[in-house]
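Thanks for coming. I'll take a few minutes to walk through one part of a model, so please have the picture open.

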Amino acid sequence: MLLQAPRTSLADSAADSIRAEIAAGRWTVGSRIPIEPQLAQLLGVSRGTVREAVKTLVSRGLLEVRQGSGTYVRSGFDPSASLQKMRRASLRDQFEVRRALEVEAARLAAVRHTAKDLRNLNSLLNKRGVPDASDGGAGFIERDLAFHLAIVDISGNLALAETCRFIAGYIKETIASTMGTSLPEPDTAAHTAILEAIASRDPDRAAEAVRAFMSPMIDALAQDAEPVR
């Protein structure tokens, strides 16, 4: 029998309980889960709460509702769970992952870019400008992200591009962390160096430009993490 859902955030707790059953393999992909009244009894919640929980899991791709048939397990993987784990990662961890992804993106972009791609990167870099506190920096973060995601797109690697978009929220957090803090903020010259390295069609130079871009921030975070002696 399923564990009863706690009384706080009942719909979320019910969704977590259902997700746990799927993760444990008790409800396999393609199988039909218990009907609504049974789920309500197992979880100790109302049928309305069950409907809300199922709706949440449908939106995340774990379940699918087949009219006149029931609710079935569509997938055993919930990307939101991975995102929650990433949220607990340190800022340094996030920067290191971002560096690994963007180094490879730059390497591939150096080999695969077209003249049109370079014109687009130049345009995005010009639009990026400098941080503007008038909107809390939100506009600047979006413009900066657009430049970096464009490089990922130019790489021509769909899996790499989708991975970066999957963690785009965390990339934004790394960008925001350099605004108004003690962390070194990559300036226009650092971004230009990446663009020029890609334009040179030298993948090693492009990779090194990204490393040089990221290293000051990662090094600063590493120093902050060192214990005081």
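This is a predicted model: local features need pLDDT of at least 70, side-chain atom pairs count only at pLDDT 80 or more; totals for chains, interfaces and linings use all residues.

Now, which residues of helix 3 are buried? They are Thr49, Val50, Ala53, Val54 and Leu57. These residues lie on the same side of helix 3, because the arc they cover around the axis is only 135°.

What covers these buried residues of helix 3? The cover includes helix 1, residues 10-23, and helix 2, together with strand 1 at 63-66 and strand 2 at 70-73.

Next, helix 2. Helix 2 is residues 36-43 and helix 3 is residues 47-59; their axes come within 9 Å and cross at roughly 105°. An angle from 65 to 115 degrees counts as roughly perpendicular, so helix 2 and helix 3 are roughly perpendicular to each other. On the helix 2 side, the contact is made by Glu36, Pro37, Leu39 and Ala40; on the helix 3 side, by Arg47, Val50 and Arg51. Sorted by class, that contact has 4 nonpolar and 3 charged residues, and no polar ones.

A check on length. Helix 3 has 13 residues, and at 1.5 Å a residue they should span 18 Å. The end C-alpha atoms of helix 3 are 18 Å apart, so the two values agree.

Last, what follows the helix. Just after helix 3, glycine 61 takes a positive phi of about 85°.

Note on methods. Residues are numbered from 1 along each chain as its sequence is written. Side-chain values use heavy atoms; hydrogens and water are left out. Axes are lines fitted to C-alpha atoms, for helices over the stretch in contact, and angles run from 0 to 180 degrees between N-to-C directions. Helices (H or I, at least four residues) and strands (E, at least two) are DSSP runs, numbered from the N terminus. Angles under 35 degrees count as roughly parallel, over 145 as roughly antiparallel, 65 to 115 as roughly perpendicular and the rest as oblique. Contact means heavy atoms within 4.5 Å. Ala, Val, Leu, Ile, Met, Phe, Trp, Tyr, Cys and Pro count as nonpolar, Asp, Glu, Lys and Arg as charged, and the others, Gly among them, as polar. The expected span of a helix is 1.5 Å times one less than its number of residues. Buried means under 20% relative accessible area, exposed over 50%, partly exposed in between (1.4 Å probe, protein chains only). The arc is that of the directions from the helix axis to the C-beta atoms.
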